[in-house]
Structures are given as structure tokens and as C-alpha cells.
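Please open the model in your viewer and keep the selection tool at hand. The stops below say what to select next and what is there.

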Amino acid sequence: MGDEFFGEYSYADKTIYLNYRHRLWGANVRERFTLAHELGHHFLHRRILEQYHYTAAEDQETINIAGASNTQIRYFESQANKFASFLLMPGNVFADYAQEVMLSMNIRKGFVYDDNQYSQSEGAFNHRTALDFISKVADHFYVSKDAARYRLKALGLLREQYDVDTRKLFI
């Protein structure tokens with residue numbers, strides 16, 4: 001497995017391989033997500049992708065990526081990421097904890113804006129408040145801040161807002 005891969009699911013022996021070369025930069029969180037992602041491939045795509053298998057010279061079965069379109073591969077990767085997100089941050093439990101964090105931060109509106117506006121009620125810039133909020137939730141669920149941000153946005157607990165000075169949407 002090359003450096004560019006975090007993990008791989010082998011359809012031949014139904015085994016997940018993790019690339020431990022990434023361990024130096026806090027990989028335990030990354031490894032959890034990678035493992036959940038590869039489980040997603042197993043449960044969601046194993047049977048679909050078997051049609052793309054071929055046998056390599058080393059008698060090792062692998063996916064013939066050339067047999068699937070790039071659109072299909074991107075779709076499978078997106079689905080595996082969503083599966084991992086749902087597995088590691090289950091909706092109701094995740095949302096309930098996020099609401100508790102908001103209350104502990106004196107945020108009463110039920111969501112957090114992620115922009116560069118100054119919030120009188122929180123006494124801080126929204127983006128700084130959002131980063132603190134994301135960090136607390138990510139640490140509790142032992143996921144990356146990027147994974148927590150994605151899930152919070154999907155649940156409507158983290159929202160974007162226009163910057164009135166530059167008229168840009170912060171994503």
C-alpha cells in the first residue's frame with residue numbers, strides 16, 4: 001500500500017488493511033474513520049464491485065478501477081464517507097451532545113454560525129465560536145474536526161452565513 005492510501009478493503013479475503021505510515025500525525029482518529037469508511041465499502045459495495053474484479057499476476061484479487069467509471073468511484077467513496085460519519089457520529093446521540101455543548105457555551109439559538117461576523121450574544125467572532133464548538137464535539141466523539149464539521153452541517157447545527165463586508169459565502 002502506498003503512502004497516499006489510508007486504508008484498503010480486500011474483496012478477496014474480506015480484510016481491511018490500514019496504512020500505519022500515517023500514524024505520526026494523530027492517526028488514531030484518522031484510523032477510526034478509515035476503518036469505518038472501509039466497513040462502509042464492505043457493507044455497501046462488496047457485491048456491486050465484485051463485477052469489476054480481476055486477478056493480478058500475484059493471484060491477488062483487486063478492483064479493476066478501469067472497469068468502473070470515475071463517477072461511480074466518487075459515488076462509492078462518498079457513500080463510504082457518509083457511512084463512516086453515521087457510524088461514528090450517530091444522528092440523535094450526536095445532535096443531543098452538540099445541543100448540550102451549545103448550552104454550555106451559552107448559545108441558545110440551536111445552531112452555530114460559521115462566518116467572520118462578531119456576535120454580541122456570544123461576545124466573540126462566530127468563526128472562533130464555531131471552531132471551539134466543533135473541537136468540543138469532535139473530541140467527545142473522537143473524530144477529526146473536519147468529520148465533525150461535516151456532520152454538524154448535515155444536521156443543521158452548523159450554518160454558513162454571508163459576510164456583509166465582502167458579500168461572500170463562507171463554506
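Throughout this tour, contact means heavy atoms within 4.5 Å. This is a predicted model, in which local features need pLDDT of at least 70, side-chain atom pairs count only at pLDDT 80 or more, and totals for chains, interfaces and linings use all residues. Residues are numbered from 1 along each chain as its sequence is written, and side-chain values use heavy atoms, with hydrogens and water left out.

**The whole chain.** Begin with everything selected and coloured by secondary structure, and you will find five helices and 10 strands, where helices (H or I, at least four residues) and strands (E, at least two) are DSSP runs, numbered from the N terminus. Of the 171 residues, 37% count as buried, a word that stands for under 20% relative accessible area, while exposed stands for over 50% and partly exposed for what is in between (1.4 Å probe, protein chains only).

**Serine 85.** Select serine 85, which has its place in helix H2. Is serine 85 buried or exposed? Its relative accessibility is 1%, and therefore it counts as buried. Once neighbours within four places in sequence are left aside, serine 85 is in contact with Phe33, Tyr150 and Arg151.

**The nonpolar core.** A nonpolar core is a set of buried Ala, Val, Leu, Ile, Met, Phe, Trp, Tyr and Cys residues joined through side-chain atoms within 4.5 Å. The largest one here has 25 residues, and those with the most contacts inside it are Met89, Val112, Phe133, Val137, Val143 and Leu152. Two or more residues each come from helices H1 (27–49), H2 (70–88), H3 (91–104), H4 (126–141) and H5 (145–154), and H4 gives the most, with six residues. Now select phenylalanine 133, which touches Ala98, Val101, Met102, Met105, Val112, Leu152 and Leu157, not counting residues up to four places away in sequence.

**H3 against H5.** Gly91, Phe94 and Ala98 of H3 meet Ala148, Arg151 and Leu152 of H5.

**Tyrosine 142.** Finally, select tyrosine 142 in the loop between H4 and H5. Tyrosine 142 has a positive phi of about 55° although it is not a glycine, and with a relative accessible area of 39% it is partly exposed.
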